[in-house]
Amino acid sequence: MDALINPQTGDYAGSRTNTLANAVYLRLSTPLGSYWADPTLGSRLHELQREKNVSRVYVLARQYAEQALAPLVDDSRANSIEVTATRVRPGWLLLHVVVEDASGRVERFKHPVRVA
C-alpha cells in the first residue's frame, strides 16, 4: 500500500491506496525524461500546452497517454488501458482513462490537459 497522491494538489491525501491511481497520475503528469530515477517515466502531454485546440491535438493527447501508461501493461500491473479525450472548455481537454488492473478491478481516472 502506498500513500495516495491527490491529483488536484499533487500532495499526499493522508490516506493509503492499493490501486494504480498513483502510477497513472505520475505517468501522465510527469514530463517524459525529467524524473532522475527513471528517464522512461512520464508522458509528452506537456508538449500540448503550445498546441492549438484542434481535433488532431485530441488524437495526440490520447496517443501520448497510451504511450505513458503502456509500461503498466508491460509490467503486468494492468490487463488493459483505454484512453479517450474530450473537450472540457476552451484551452483544456480531459483525458478519460479506464484501467483494468491485474486482479480484474476496473478503475476510472480523469486527467486535465492544458492546450493553447
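1. W36 counts as exposed, at 75% relative accessibility; exposed means over 50% relative accessible area, buried under 20% and partly exposed in between, with a 1.4 Å probe and protein chains only. Y35 is partly exposed, with a relative accessible area of 36%. A search of the whole structure finds one aromatic pair, and Y35 and W36 form it. The pair is tilted, with 6.1 Å centre to centre and 50° between the planes. Rings of Phe, Tyr and Trp (its six-membered ring) pair if their centres lie within 6.5 Å; planes under 30 degrees apart count as stacked, over 60 as edge-to-face and the rest as tilted.

2. A note on the source. This is a predicted model, in which local features need pLDDT of at least 70 and side-chain atom pairs count only at pLDDT 80 or more, while totals for chains, interfaces and linings use all residues. Residues are numbered from 1 along each chain as its sequence is written, and side-chain values use heavy atoms, with hydrogens and water left out.

3. Start with helix α1, residues 21-29. Helices (H or I, at least four residues) and strands (E, at least two) are DSSP runs, numbered from the N terminus. α1 is mostly covered, as seven of its nine residues are buried. The buried residues are A21, N22, A23, V24, Y25, R27 and L28. What covers them includes β1, β2, α2, β4 and β5.

4. Y25 sits in helix α1. Is Y25 buried or exposed? At 18% relative accessibility, Y25 counts as buried. Y25 touches I5, P7 and G10, not counting residues up to four places away in sequence; contact means heavy atoms within 4.5 Å. Y25 and I5 are 20 residues apart in sequence, and their C-alpha atoms are 8.1 Å apart in space.

5. Strand β1 (residues 2-5) and strand β2 (residues 12-17) run antiparallel and are joined by three bridges; two strands pair if DSSP finds at least two bridges between them. I5 stands opposite Y12 in β2. The hairpin of β1 and β2 has six residues between the strands, and G10 there takes a positive phi near 80°.

6. A second hairpin is formed by β4 and β5, with four residues between them. G104 in its turn has a positive phi of about 95°. Strand β4 covers residues 92-101 and pairs with β5 in the antiparallel sense over nine bridges. V99 stands opposite E107 in β5.

7. H111 is buried, with a relative accessible area of 13%. Leaving aside neighbours within four places in sequence, H111 is in contact with L28, S29, L45, L93, L94 and L95. R114 counts as partly exposed, at 45% relative accessibility. With the neighbours within four places again left aside, R114 is in contact with L48, Q49, G91 and W92. R114 and L48 are 66 residues apart in sequence and 7.1 Å apart in space, C-alpha to C-alpha.

8. The largest pocket holds about 430 Å³ of space. Of the 20 residues that line this pocket, the closest to its centre are Y25, S29, H111, P112 and V113. The elements that give two or more residues to the lining are α1 and β5 (106-114). The largest share, six residues, comes from β5. By class, the lining has 11 nonpolar, seven polar and two charged residues.

9. The terms of point 9 are as follows. On a 1 Å grid over the protein atoms alone, a pocket is an open set of points with protein on both sides within 12 Å along at least five of seven lines, and lining residues have an atom within 4 Å of a point. Grid points are joined across faces, edges and corners, and a volume is the space filled by probe spheres set on the points. Ala, Val, Leu, Ile, Met, Phe, Trp, Tyr, Cys and Pro count as nonpolar, Asp, Glu, Lys and Arg as charged, and the others, Gly among them, as polar.

10. Last, S76 has a positive phi of about 65° although it is not a glycine. S76 lies in the loop between α2 (55-74) and β3 (78-89). S76 is exposed, with a relative accessible area of 52%.

How values were computed:
1 Å grid on protein atoms, 1.4 Å probe; cavity = no way out; pocket = protein on both sides within 12 Å on 5 of 7 lines; lining within 4 Å.
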